[in-house]
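Here is a briefing on one protein chain.

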Amino acid sequence: MSEEEGRFTIHLQQQEGFLINVAFDWKRAPDVLMDEPPPLGEQQGPNASRMLAAAAANCLSASLLYCVFKEEPPENCLRAEATCVMVRNARKRLRIGAMEIRLIVSDVVTQSARFARCKDLFEDFCVVSASIRQGIPMQVTVEDEAGQILHTSS
């Protein structure tokens with residue numbers, strides 16, 4: 001691992017049962033409640049696997065938007081779907097076996113002069129997905145609103 005570039009701390013506090021409040025280190029970021037599905041919890045918030053999938057899709061989305069538009073992407077020009085494939089390991093423990101991230105971009109993205117170059121670069125700049133890929137296979141696809149595949153990770 002290379003030299004430390006920074007750090008942040010997020011505070012978690014168990015409320016009741018498996019309901020946990022997550023307080024972020026940014027004052028304007030609202031707290032998030034996390035929970036487990038039944039029979040452990042009551043599904044009052046996302047569990048850790050869902051947050052991991054959301055984090056990967058969010059990071060990839062932000063990376064692509066930043067590459068194409070820099071600081072001011074147009075509104076509603078990208079949607080994303082994150083799928084976790086759950087598997088059991090040799091000890092029968094539930095694990096995330098793979099992730100599939102699908103970014104759906106509008107014409108304003110695909111018609112940008114920077115899109116052709118960015119679609120081959122953006123994945124390398126996503127901190128979260130690049131880190132996850134070290135332990136979990138991840139397939140990333142970018143497609144237009146008509147479903148035409150514009151990029152698939154190698």
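Glu123 is buried, at a relative accessible area of 11%; buried means under 20%, exposed over 50%, and partly exposed in between (1.4 Å probe, protein chains only). This is a predicted model, where local features need pLDDT of at least 70, side-chain atom pairs count only at pLDDT 80 or more, and totals for chains, interfaces and linings use all residues. Residues are numbered from 1 along each chain as its sequence is written, and side-chain values use heavy atoms, with hydrogens and water left out.

**Salt bridges**

- The count comes to three salt bridges, each defined as a side-chain nitrogen of Lys or Arg within 4 Å of a carboxyl oxygen of Asp or Glu.
- Glu123 pairs with Arg133 at 2.7 Å, N to O.
- Helices (H or I, at least four residues) and strands (E, at least two) are DSSP runs, numbered from the N terminus.
- Arg133 is partly exposed, at 29% relative accessibility.

- Arg102 meets Glu81 at 2.7 Å, N to O.
- That pair links distant parts of the chain: Arg102 is in strand β5 and Glu81 in strand β4 (residues 78-88), 21 residues apart.
- Arg102 also meets Glu143 at 2.7 Å, N to O.
- Here the partners are 41 residues apart, with Glu143 in strand β6 and Arg102 in strand β5.
- Glu143 counts as buried at 8% relative accessibility.
- Arg102 is partly exposed at 28%, and Glu81 is partly exposed at 40%.

**Strand β6 and its partners**

- Strand β6 (residues 138-144) is mostly covered, with six of its seven residues buried.
- β6 pairs with strand β5 (residues 94-105) in the parallel sense over seven bridges; pairing requires at least two DSSP bridges between two strands.
- Val140 in β6 is the bridge partner of Ile101.
- β6 runs antiparallel to strand β7 (residues 149-152), joined by three bridges.
- Val142 stands opposite His151 in β7.
- β6 and β7 form a hairpin with four residues between them, and Gly147 in the turn has a positive phi of about 95°.

**Surface patch**

- Phe8, Ile10, Leu12 and Phe24 make a nonpolar surface patch of about 380 Å².
- Ile10 lies in the segment before β1 (11-16).

Notes
Patch = residues over 30% accessible without salt bridge, like charges linked within 9 Å, V, L, I, M, F, W, Y side chains within 5 Å. Areas by Shrake-Rupley, 256 points an atom, 1.4 Å probe, with all protein chains shown as cover.
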